[in-house]
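Open the model in your viewer and keep the selection tool ready. We will go from stop to stop, and each stop tells you what to pick.

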Amino acid sequence: MKKFLTVLFYVMAAVYPVLVFTLLVILKLPVRILSLCVMVLACSFFLSFTGRNKTDVKKEKKALDWRPMVSSALFLIAGIVCFVTNQSVFLKLYSVVISVVLLSVFGSTLFFEPNLCFRFAVIADKSIAGSSYEPQVCAYCRKVTVVWCCFFIINGSIATYTALHDFGSEDLNNKIWSVYNGGISYVLMGLLFSVELLVRKMVDKKMIKAFSFTKFNADSRPDGHIVCFEGSWSDGVYKTWKDFLTDSAKMRAFISQNPADDWILHCEDYWYFLCTFTALLQCGKRILLTQNISEAFIAEVKKPGVEFLTDQNAAGSASIQDIIEKSDLPDEQYIRSVPQVDSDKTRILMFTSGSTGKPKAVPQRMTEFELDNAFIISKWAKEFASRKLVTTVSQHHIYGFLFGSSLPFTLGVPFRRTRITFPEEFEKLSDTEYMIIATPAFLKRTVEIEEKLPLKNPFIFTSGGACSAELALSTEKVFGFCPLEVYGSTETSGIAYRQQNKDGLKFTPFDNAKIWLGDDGCLRIVSPYIKDPQGFATADLAEIFDDGRFILKGRSDSIVKIEEKRISMTEVENRIMQTGLVSDVKVVALQNDVRQYLAAAVVLNDKGKKQFENTEKYLVNRYFHDFLMQYFENVVLPKKWRFLDALPVDAQGKKHKLEIEALFEKQ
């Protein structure tokens, strides 16, 4: 019975103007009789909504729905006033009161967020809450709420006019009031609903929606959505979402046939990297990301049972391009059956150099990567979404992975298949707007040979080292944009940012990062990207200001960054000692007008002295250079060598860095 009365109440509320017209004009029912009927119905509805069945007594008490109670009260008041005055105008004012109430409800949420339309949207689609596009949905719903408020003002004003104005006779007054409030107002409301629905569909297509490596499904993007491009955007050589589903399915089929748990991944081609990395996640494998694939390094990492996937010519590896380009096409069901990935259970090792001098694998999860991406998206999603992405950075390092692979995939931003390796390549990027992911070293090489690049409204992120004030100024002059610098590391991910034309040298911590200085003057960090709740102790000396921002004042350990490569000088020293020709060595980082580089001061042992007796120095340099090429990339190898009888030390036997550096000031 209660459900029947509820349905009856809402039906009567909807057809109220038509019902009043029928009873007053057509059936000629006296006003007082009609008002009594209204009061009886109002009381019945009120008792129905506030009453409880005996079986409900023991149940937990729930909050009552106030809306039908208010409407019942309005019905009752209108009936009482109408009965006392014997004037039908008070029945007509019910429509005005409804508009006023709705205006109050909608309007109040403009000041007490979230707005009402957004609340309805979240109830209808629970995926909105906490998503990357939640702020966009909220902003759109606020506009819709304002439109409805304007409608209620206009509709209430017209309803008031039709209720109070004398059009010549009582019958004509009732007819005009009924035609508008029982017909035209509903038509206008329906039109508003329809127009808003069409606008919503158009807005939804433009909405920036994020689907990370662990959250996407086959229908997350249209099959024709462009994921990747070659050369410049206007060249028209693209890879689509359907291509991604197909190629990642090919890799998944290959990987799933192998029981190995650990897989080394090195891939210069960003498209191959994307498809292979995704497939490894979907197969639940542990991924070992490394930029260094020299034979000696791989021999240290590739233990028995460890597989190796690459697009390069490397011994003991499986060719990614052969798997993707030559394997059979999986059936459509397999392609579109995307396995779900639990981000908390993902296992990734990113190889870097540790202060111990040994190759260091830093364990990571997609959980922390996605949190990092979510913050970047919350601040700069529009800048990414309005551009095509190019990068100069390897995806095997955390900065290159997050900004050059994970972010564009998550946001659906088309990215270039190969990274930029020569500054002259920027000259060809004048066809559209680009997001540029770069390092200070690459920007420096570019501004040294370019005067003004023909770029259209670029946006530049840079990391892997700090930009000098001069480089930031030169970059803005040549590119037309002052780079936005991100501070972080493999262990911490992104922590802070600055743009020197606005912030000077001060970094602003991310909103979710807490920083302080340790007793050694080095920065300590706690953030969602760091799994240890105690945070992470960096080797970066810093000064923190009262407003929470900070400046960096150098590093306290032996880790330096050459180009975008993070290298341990201790590791270089250890490798030199492995030659068996050296008794002592010290590697230092030097800086000239062009870039930072390493220099090595070496003391040969007896075997080394005998081997290089009467050998020209450049040949000795070449020997050590070739030896180190087994373990490091050429860009990080020492560029200067000094061969001494002994290294300068103090009374305690400690080598002084400044004295070592002074050795290289002379030819």
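## Salt bridges

A search of this whole structure, which is a predicted model, turns up 22 salt bridges. We will visit several of them.

**Stop 1.** Select Arg347 and Asp261. Their side chains form a salt bridge, with 2.8 Å from N to O. Now look at where each partner sits. Arg347 belongs to strand β7, residues 347-353. Asp261 lies in the loop between α9 (241-256) and β3 (262-266). The pair links distant parts of the chain, 86 residues apart.

**Stop 2.** Select Arg419 and Glu268. Here the side chains meet in a salt bridge of 2.7 Å, N to O. Which parts of the chain does this pair tie together? Arg419 is in the loop between β10 (415-416) and β11 (434-438), and Glu268 is in the loop between β3 and α10 (270-282), so the bridge joins parts 151 residues apart in sequence. Arg419 has a relative accessible area of 15%, and buried means under 20%, so Arg419 is buried. Glu268 has 22% and is partly exposed.

**Stop 3.** Select Arg622 and Asp626. This salt bridge has an N to O distance of 3.5 Å. Both residues are in helix α21, residues 617-628. They are four residues apart, so about one helical turn separates them. Arg622 is partly exposed, at 45% relative accessibility. Asp626 is partly exposed too, at 40%.

**Stop 4.** Select Asp219, Asp223, Lys242, Glu332 and Arg336 together. Salt bridges link these residues in a network.

## A patch on the surface

**Stop 5.** Show the surface and select Val179, Ile184, Val187, Leu188 and Leu191. They form a nonpolar surface patch. Together they have about 420 Å² of accessible area. Now pick out Leu188. Leu188 is part of helix α8, which covers residues 170-206. How accessible is Leu188? Its relative accessibility is 35%, so Leu188 counts as partly exposed.

## Inside the protein

**Stop 6.** Go to the cavities. There are three of 30 Å³ or more. We will look at the second largest cavity, which has a volume of about 50 Å³. To find it, select its lining: Arg221, His225, Ile226, Val227, Trp241, Pro408, Phe409, Gly412, Val413 and Phe415. Which elements give two or more residues to this lining? They are β1 (226-229) and α15 (398-411). Colour the lining by class next.

**Stop 7.** Finish at Met251, in helix α9. Its relative accessible area is 0%, and the cut-off for buried is under 20%, so Met251 is buried. Along the chain, Met251 and Thr276 are 25 residues apart. Their C-alpha atoms are separated by 6.0 Å.

Key: Residues numbered from 1 in each chain as written. Predicted model: local features only at pLDDT ≥ 70, side-chain atom pairs only at ≥ 80, totals over all residues. Heavy atoms only, no water. Patch = residues over 30% accessible without salt bridge, like charges linked within 9 Å, V, L, I, M, F, W, Y side chains within 5 Å. Areas by Shrake-Rupley, 256 points an atom, 1.4 Å probe, with all protein chains shown as cover. Salt bridge = Lys/Arg side-chain N within 4 Å of Asp/Glu carboxyl O. Buried < 20%, exposed > 50% of the residue type's maximum accessible area, 1.4 Å probe, protein only. 1 Å grid on protein atoms, 1.4 Å probe; cavity = no way out; pocket = protein on both sides within 12 Å on 5 of 7 lines; lining within 4 Å. Points joined across faces, edges and corners; volume = space filled by probe spheres on them.
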